[in-house]
Structure formats: structure tokens, C-alpha cells
Amino acid sequence: MDYFLTEEQLMIRDLARQIAVEKIVPVRAELDEKNEFPHETMKAIAQADLLGLFVPEEYGGLGKGALDLCIAIEELSWGCLGIATTYAANALGTYPILISGSDEQKKKYLPDIATGKKMVAFGLTEANVGSDASGVQTTAKLEGNEYVINGTKQWITNGEVADIYTIIAMTDKSRGARGASAFIVEKGTPGFTFGKKENKMGIRASITKELVFDNCRIPKENIIAKEGMGFIVAMKTLDKARVGVGSQGVGVAQGAFDEAVKFARERHQFGHPIISFQAVQHMLADMAIQIEAARALVYAVARFVDSGAKDVSKESAMAKTFATDMCMKVTVDALQVMGGAGYMKEYPVEKMMRDAKILQIYEGTNQIQRNVIGQALIKEAAKKK
Ligand code: COS
């Protein structure tokens with residue numbers, strides 16, 4: 001279907017697909033097996049200027065919007081969600097600076113992020129804080145010209161790989177969500193170390209680690225926005241990023257679907273290719289419908305984000321939920337079409353199915369997304385009264 005993408009968007013799509021085909025598909029199984037970071041692929045992505053896609057031109061980026069980023073993420077996810085997660089988490093970590101950072105912070109950090117010289121990670125989650133994001137236990141105490149940070153962040157994508165970390169810590173625990181603040185912490189700061197590398201079910205080409213802060217002192221200028229604004233910075237960051245998780249779902253589902261179609265044409269049973277059987281055709285038809293519906297929603301929401309709309313929470317949550325629930329179903333069904341072959345590591349679909357599961361969990365579980373949508377519906381209904 002023609003989504004009336006601009007010439008530039010079509011170029012981004014083709015470029016990201018080319019990287020997926022040439023640099024991702026040949027290595028994805030090995031990276032998955034070895035739980036290894038995609039150094040070479042990330043270099044290729046940086047060389048293609050895709051790391052600077054969403055960074056404004058004045059800071060050396062391409063100045064593109066949410067839809068452009070979704071298109072790139074979708075194509076990289078088609079190749080490997082672990083690599084696409086590494087790429088998307090870089091944007092997630094940069095959003096707090098882009099959305100609420102000072103001019104000085106933007107000037108200092110964005111040019112290196114745009115070229116890929118420096119990578120970024122976002123640190124909100126903790127051992128006891130996932131869905132309940134306002135319950136952050138990591139603290140930041142102002143002492144003279146420095147904030148002293150103590151606490152541990154868990155399951156952080158790009159942990160240790162990244163050079164710049166945007167994290168949420170409590171500056172006033174008594175104020176709940178309003179006591180949280182956002183900070184920039186650079187790798188190498190004394191008192192900032194990393195925990196173990198997580199051994200995950202899927203997205204194994206992405207690196208997930210703990211961030212450990214033990215009396216880590218950072219300059220007071222590293223606060224993003226003001227004290228007490230951290231929760232809102234985190235929420236706005238997630239609002240902007242979640243549509244991108246939707247595009248990850250579309251990309252992985254498309255990848256699994258393409259594999260299933262290819263296999264169904266080649267595999268013969270009862271003297272015929274299995275794609276000639278209606279049972280298989282109906283499964284493929286349902287998969288195609290769901291992928292296209294999710295893509296249409298993701299692109300529409302990304303355009304809505306690009307319109308500058310003030311509140312995109314509900315729509316972003318809808319795109320994330322619909323596309324990632326779809327992705328889980330489509331990857332399971334693609335494997336089913338392939339039968340025993342799909343279950344084997346010789347084919348990429350079992351990996352895609354393992355990878356897909358995280359999409360219903362990270363950047364807010366799909367249950368939390370439904371809460372966000374529910375709250376928005378209540379507010380809208382109250383306004384109509
Ligand atoms: N944009 C701007 N402000 C927002 C906001 C948003 N999307 N969502 C909430 N806020 C504001 C509220 O308006 C409120 O402000 P006031 O103090 O002025 O009233 C404040 O933030 C607290 O909001 P709320 O009471 O709704 O917070 P809750 O603790 O109930 O949490 C959810 C809301 C569940 C939506 C939030 O905790 C969440 O998104 N959790 C999931 C986090 C997540 O994605 N974790 C995964 C790891 S991060 S990769």
C-alpha cells in the first residue's frame with residue numbers, strides 16, 4: 001500500500017533495508033547465539049547518518065521527525081530486533097535532552113550523538129520500579145555545585161556500551177512523582193559502574209546491564225529541566241518513543257511474515273506447495289491484514305507526533321499496544337506455518353518469536369499502555385460533559 005511517503009522517507013526506508021539485508025541478516029544468528037553487541041553494524045548505521053536522523057540540523061543531525069525514525073526502526077527490526085533495540089534505545093536516551101535539555105546541554109551532547117561518536121542510554125527502571133515509574137529509589141542530593149547520586153538502575157539497554165546516560169533519580173522522596181529529577185551522567189564519572197550483562201530470552205544482540213551509582217558526583221548543570229520535573233520528562237520521553245516500539249513490532253512481524261511466505265512456497269506436502277492450501281493461505285491473509293493495520297496506525301500516530309500535538313500519550317500507547325500484540329501473534333503464526341522447520345535455529349523465525357515478546361513488556365507493558373489509554377478516555381469523557 002502506498003503511504004504517500006516523501007522521496008526522502010523512501011530513501012531512508014531503502015537505506016535502512018539495505019543495511020538490514022547486507023549488514024544485519026548475515027550476522028544476526030551469530031550475535032543472538034553469542035549475546036554480542038553489533039559493533040560493525042552500528043558503525044554502518046552511523047556511517048549512513050541514521051544515528052543523527054532525529055537530531056536537529058543545527059546540532060549536526062538530519063532534523064527528521066517521528067515518522068522518519070519509525071521507518072528506519074521498522075526496516076532495522078525487519079532484520080534483527082536486537083540491533084533495532086540498540087538503535088531505538090539511543091533515541092530514547094537522547095529524547096530527555098532534546099525535549100527538555102538546556103541549550104548548553106544540547107550543544108555539548110547532540111553533535112556527538114548525531115555522528116554516532118557517542119551512544120546514549122535511558123535509565124528509569126530499577127529492581128523495584130518498572131510500571132510504577134514514580135517510585136524511583138535512586139537518589140540525587142545537591143551538595144555544593146554537585147549532585148551526589150546513589151542507587152542502581154536495572155535492565156538498561158546500551159548499558160556500558162553508551163557514553164551518555166539520561167537517568168531519573170529522586171531529589172525529594174517525600175513528593176512522589178513530583179520529587180523526581182532527570183540527569184545526564186557520563187561514562188567514566190567516578191562512582192558510576194556497571195553490573196552484570198543480562199542473559200536474555202531475545203534481543204540478544206542488544207546489551208542490557210545494571211547501572212550502579214555509588215556516591216557518584218556530577219556537576220549540578222547536568223540536571224535536565226528543573227528539580228521535580230524528572231517524572232514528566234520521563235513520561236514525555238516515553239510518549240515520543242512508544243510509537244517507535246510500534247514500528248519495531250511492524251518490522252519484526254513483516255520479517256516473520258516474509259519468511260513464512262517464502263517457506264510456504266518452497267515446502268511441498270501432499271504433492272503441492274503448502275501455500276496452495278487454504279488453511280495456510282488464511283493464516284497468511286490474517287497476518288497480512290494485521291501487519292498492514294498496525295503499520296497504518298503507527299504511521300498515522302507518527303504523523304500526529306510530527307504535527308506538534310501537545311498530548312500524544314493515548315495515541316502513542318495505542319500504536320505501541322496494537323503493533324506489538326500483533327507482532328507477538330504474527331511471529332507465533334509464522335512459526336506455525338513453517339511447522340517443525342520454524343522451530344529450528346536454521347531459520348530466523350524462532351528468534352523473531354523470542355525477540356517479539358519483549359515488545360509487549362519494555363517501554364511500559366501493554367497493560368500499562370491500556371491504563372494510559374483508559375485514563376485518557378476518562379479525561380476526554382469528563383471534558384465532553
Ligand atoms: N506527559 C506529561 N505529564 C504527565 C504524563 C505525560 N504523559 N503522564 C503523567 N504526567 C504528570 C501528571 O499530570 C502528574 O502531574 P501533577 O503532579 O502535576 O498532577 C504527574 O505526572 C504524575 O502523574 P500520574 O499521577 O498519572 O502518575 P502515576 O504514578 O499514576 O503513573 C503511569 C502513571 C502508570 C502512566 C506511569 O507510571 C508509566 O508510564 N509507567 C510505565 C513506565 C514505563 O514505561 N516503564 C518501563 C521502563 S522505562 S524504558
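Helices here are DSSP runs of H or I with at least four residues, numbered from the N terminus. The model is predicted. Helix 7 (230-266) and helix 11 (366-384) each supply at least two residues of the shell around the ligand. The ligand lies between domain 2 (121-228) and domain 3 (231-384), because both domains give residues to that shell.

**Shell around the ligand**

- The ligand is surrounded by 19 residues, and the closest are Ser131, Arg178, Asp239, Arg242 and Gly364.
- Helix 7 gives the most to the shell, with 6 residues.
- Sorted by class, the shell holds 9 nonpolar, 6 polar and 4 charged residues.

- Ser131 places a backbone N or O atom 2.8 Å from a nitrogen atom of the ligand.
- Ser313 has a polar side-chain atom 3.1 Å from a nitrogen atom of the ligand.
- In the side chain of Ser134, an N or O atom is 3.3 Å from an oxygen atom of the ligand.
- On its own the ligand has 1,000 Å² of accessible area, and the protein covers 63% of this.

- Thr208 lies in strand 7, which spans residues 208-219.
- The relative accessible area of Thr208 is 6%, so this residue counts as buried, the cut-off being under 20%.
- The side chains of Thr208 and Lys200 are joined by a polar contact of 2.9 Å.
- Leaving out residues up to four places away in sequence, Thr208 touches Trp155, Ile156, Thr157, Lys196, Lys197, Glu198 and Lys200.

Notes: Residues are numbered from 1 along each chain as its sequence is written. This is a predicted model: local features need pLDDT of at least 70, side-chain atom pairs count only at pLDDT 80 or more; totals for chains, interfaces and linings use all residues. Side-chain values use heavy atoms; hydrogens and water are left out. A residue is near a molecule or strand if one of its heavy atoms lies within 4 Å of it. A polar contact is a pair of N or O atoms within 3.5 Å; within protein, one must be able to donate a hydrogen and the other to accept it, and residues adjacent in sequence count only if both atoms are side-chain atoms. Accessible areas come from the Shrake-Rupley method with a 1.4 Å probe; for residues, only the protein chains shown count as cover. Ala, Val, Leu, Ile, Met, Phe, Trp, Tyr, Cys and Pro count as nonpolar, Asp, Glu, Lys and Arg as charged, and the others, Gly among them, as polar. Domain bounds come from an automatic or database domain assignment. Buried means under 20% relative accessible area, exposed over 50%, partly exposed in between (1.4 Å probe, protein chains only). Contact means heavy atoms within 4.5 Å.
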